Amino acid sequence: MQQCYVVDAAKAPWKRSATEGIAFACQVLLSGDDGGPEALHFRFDDCPSVYAHMHLTSQFQLLLGGAMDFPRGVKHLEALAIHYTDHNMPYGPFAVSQNHDMLVLHPKAGGIISMANLEARRKINLRGRLFASLAAEQEWRPLPNVDHSEFKLLMPPDFGPAAVVVRVPAHAALAMPAAEFGRYEVVVEGSVIIEGQEIGPPGFRYTCGEQAAEPLVTGVNGASVVFLTFDRDALEGGITGEALAVEAAQAMARAI
């Protein structure tokens, strides 16, 4: 079934909350309640240790501002950056600082479960992938067939999931192939026109299905857009009737 969601983040309300004593502000941009994608916008207060946890679905984190420090040499991230995990792939604890600001993007509702939970440890995806990348570490390359445009690969082309940031001038059309397992198209600079709406940062479109979506068209000042594409792992996991999944859904609901 073809899915398409267009979200103007500027219109979503903010809420102050906390989880395990860690304070943050949050926007629920997509709830996942309809079986579709789940998208959350977080701004964590400075914290030296956000507890180790996992989500029950694959995930892109897009760091829009501030910094994140992951343990055991995984990565120091500064915006603009991505962090990807497969379903049931634990990560953390990690530190956040410098006016942290990120999107958490799932292909479906994924909940959250602390790795202090012994049952969760038995459900770890032992073959799961984890990847992190800073845009500043990648080189701009010319974008074929679009004048005065460029792109950066944020993940290796053979990794599976894909991440690329594209920078293009005004009134350019950005066409992408179909996203069989789902793709977020996030505006990080400028604006794009989607279905007659002008969307600025960090608004986005999510598409999933066998048909390619209509091209994005950049606004009068051009745009930078991050394309985050899931692979087959997006079909795994999620919120089911199992006890651990119910607990993960409840934990996310309490947090946001």
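How many bridges join β15 to strand β20, and in which direction do the two run? In this predicted model, seven bridges join β15 to β20 (residues 216–229), and the two strands run antiparallel. Within this pairing, Arg-167 stands opposite Ser-224 of β20. Strand β15, which spans residues 162–168, is mostly covered, five of its seven residues being buried. Strand β14 (residues 150–153) is likewise joined to β15, by four bridges and in antiparallel orientation. Here Leu-153 is placed opposite Val-164 of β15.

The nonpolar interior was examined next. In soluble globular proteins, nonpolar side chains tend to be buried together. The largest nonpolar core of the model comprises 30 residues, of which Tyr-184 and Leu-228 touch the most other members. The greatest contribution to this core comes from strand β19 (residues 204–208), which supplies three residues. Apart from this core lies another one, made up of 25 residues that include Ile-22, Val-50, Met-102 and Met-252.

The surroundings of Tyr-184 were then considered, with neighbours within four places in sequence left aside. On this basis, the contacts of Tyr-184 include Pro-37, Glu-38 and Ala-39, together with Leu-105 and His-106. Further contacts of Tyr-184 are made with Phe-204, Arg-205 and Tyr-206, and with Val-226, Phe-227, Leu-228 and Phe-230. Leu-228, a contact of Tyr-184, is also the residue named alongside Tyr-184 as touching the most other members of the largest core.

Backbone geometry was also inspected. Most residues other than glycine have a negative phi, and most peptide bonds are trans. The peptide bond from Ala-79 to Leu-80 is cis, with omega near 0°, and Leu-80 is situated in the loop between β8 (76–78) and β9 (81–85). A cis peptide bond, again with omega near 0°, leads from Gly-92 to Pro-93. Pro-93 belongs to the loop between β9 and β10 (94–106).

Positive phi values occur at two residues considered here. Glu-20, although not a glycine, has a positive phi of about 50°. This residue lies in the loop linking β2 (15–19) and β3 (22–31). Because its relative accessibility is 61%, over the 50% cut-off, Glu-20 counts as exposed. Asn-99, also not a glycine, has a positive phi of about 60°. Asn-99 is found within strand β10, and its relative accessibility of 68% is the reason that Asn-99 counts as exposed.

Terms used:
Residues numbered from 1 in each chain as written. Predicted model: local features only at pLDDT ≥ 70, side-chain atom pairs only at ≥ 80, totals over all residues. Heavy atoms only, no water. Core = buried A, V, L, I, M, F, W, Y, C linked by side-chain atoms within 4.5 Å. Buried < 20%, exposed > 50% of the residue type's maximum accessible area, 1.4 Å probe, protein only. Contact = heavy atoms within 4.5 Å. Pairing = 2+ DSSP bridges.
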